[in-house]
Amino acid sequence: MAYLGFKWSALLKFRQGKSQLIYVIPGYLTSDRSTHILRHFLLAHGYDVHGWGLGTNNKSVVSLLPQITEKLKTLTNQKKKKVILIGWSLGGYLAREVARDNPQIIDRVITMGTPNRGGPKMTAYEEKNKKGPEEEKRIEKIIAEREKTPITVPLYSIYSKSDKTVWWEASVDNDKRHQVIHHEVHASHGGLGFHPDVYQLILKCLS
């Protein structure tokens, strides 16, 4: 955080002055409070930024997808433009899945420390809280069925090999059907949403 404060003025020199519509989704067990600084940074660059507005991210992917989709359809209808999704950790997984289902309203997806392959099970949290074999099979079947449909919007994956929460290998999307660009940074999982290098990369992905 201190390092970000030191770099803040330098980052603002790269003001882009664009008004693209952005919707930011927080990670598991966090809320819009965790993305406040990132959203403030993007607002300062002239973007039309919105938090996800669904409280704490502690529900299942299946139950959250329709809620996020409804919000995005309302937002894009009001603004008359497509929306860019930025998701941190599980928030990025949700962003990708929404884009998979609704490419007509999504411009692109930027993820930070997200398990792009294998889903939420590719995290330290899931490793400590393994589900029973039947539940694991059910979830894997749902993921496999969904992945039959490719994501057709541009994808950007920001990841760190220092991430101890999401296995960095899972952040590498090697699906040949996807248009994805990977960016590696050096940051902890919890630091991805505050790191100046990540912020510069996000601006690059937005340009």
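**Reading a predicted fold, step by step**

Q: Is Tyr93 buried or exposed?

A: The general idea is to look at relative accessible area, where under 20% means buried. Tyr93 has a relative accessibility of 4%, so Tyr93 counts as buried.

Q: What share of the contacts in the protein comes from residues 24 or more positions apart?

A: Among contacts with a separation of 6 or more, residues 24 or more positions apart account for 77%.

Q: How many helices and strands does the protein have, and in what order do the elements run?

A: There are 7 helices and 6 strands. Reading from the N terminus on, the elements run α-β-α-β-α-β-α-β-α-α-β-β-α.

Q: Where is Gly113, and with which residues is Gly113 in contact?

A: For a loop residue, begin with the elements on either side. Gly113 lies in the loop between strand 4 (106-112) and helix 5 (124-128). With a relative accessible area of 0%, Gly113 is buried. Neighbours within four places in sequence aside, Gly113 is in contact with Ser89, Ile158, Asp163, Val166, Ser171, His189 and Leu192. The C-alpha atom of Gly113 is also separated by 9.5 Å from that of Gly91, 22 residues apart along the chain.

Q: At what angle do helix 2 and helix 7 pack?

A: For a helix pair, read the angle together with the distance between axes. Helix 2 (residues 36-44) and helix 7 (residues 196-206) pack at about 50°, and their axes are 12 Å apart. Angles of 65 to 115 degrees count as roughly perpendicular and those under 35 as roughly parallel; helix 2 and helix 7 are therefore oblique to each other. Helix 2 passes helix 7 in a right-handed crossing.

Q: Which residues make the contact of helix 2 with helix 7?

A: Helix 2 brings Ile37, Leu38, Phe41 and Leu42, while helix 7 brings Tyr199, Ile202, Leu203 and Leu206. By class, this contact has 8 nonpolar residues, no polar and no charged.

Q: What do the totals say about the protein?

A: Of its 207 residues, 47% count as buried. The accessible surface comes to about 10,200 Å², and 54% of that belongs to carbon and sulfur atoms.

Note on methods
Residues are numbered from 1 along each chain as its sequence is written. This is a predicted model: local features need pLDDT of at least 70, side-chain atom pairs count only at pLDDT 80 or more; totals for chains, interfaces and linings use all residues. Side-chain values use heavy atoms; hydrogens and water are left out. Axes are lines fitted to C-alpha atoms, for helices over the stretch in contact, and angles run from 0 to 180 degrees between N-to-C directions. Helices (H or I, at least four residues) and strands (E, at least two) are DSSP runs, numbered from the N terminus. Angles under 35 degrees count as roughly parallel, over 145 as roughly antiparallel, 65 to 115 as roughly perpendicular and the rest as oblique. A crossing is left-handed if the near helix is turned anticlockwise from the far one by less than a right angle, and right-handed if clockwise. Contact means heavy atoms within 4.5 Å. Ala, Val, Leu, Ile, Met, Phe, Trp, Tyr, Cys and Pro count as nonpolar, Asp, Glu, Lys and Arg as charged, and the others, Gly among them, as polar. Buried means under 20% relative accessible area, exposed over 50%, partly exposed in between (1.4 Å probe, protein chains only). Accessible areas come from the Shrake-Rupley method with a 1.4 Å probe; for residues, only the protein chains shown count as cover.
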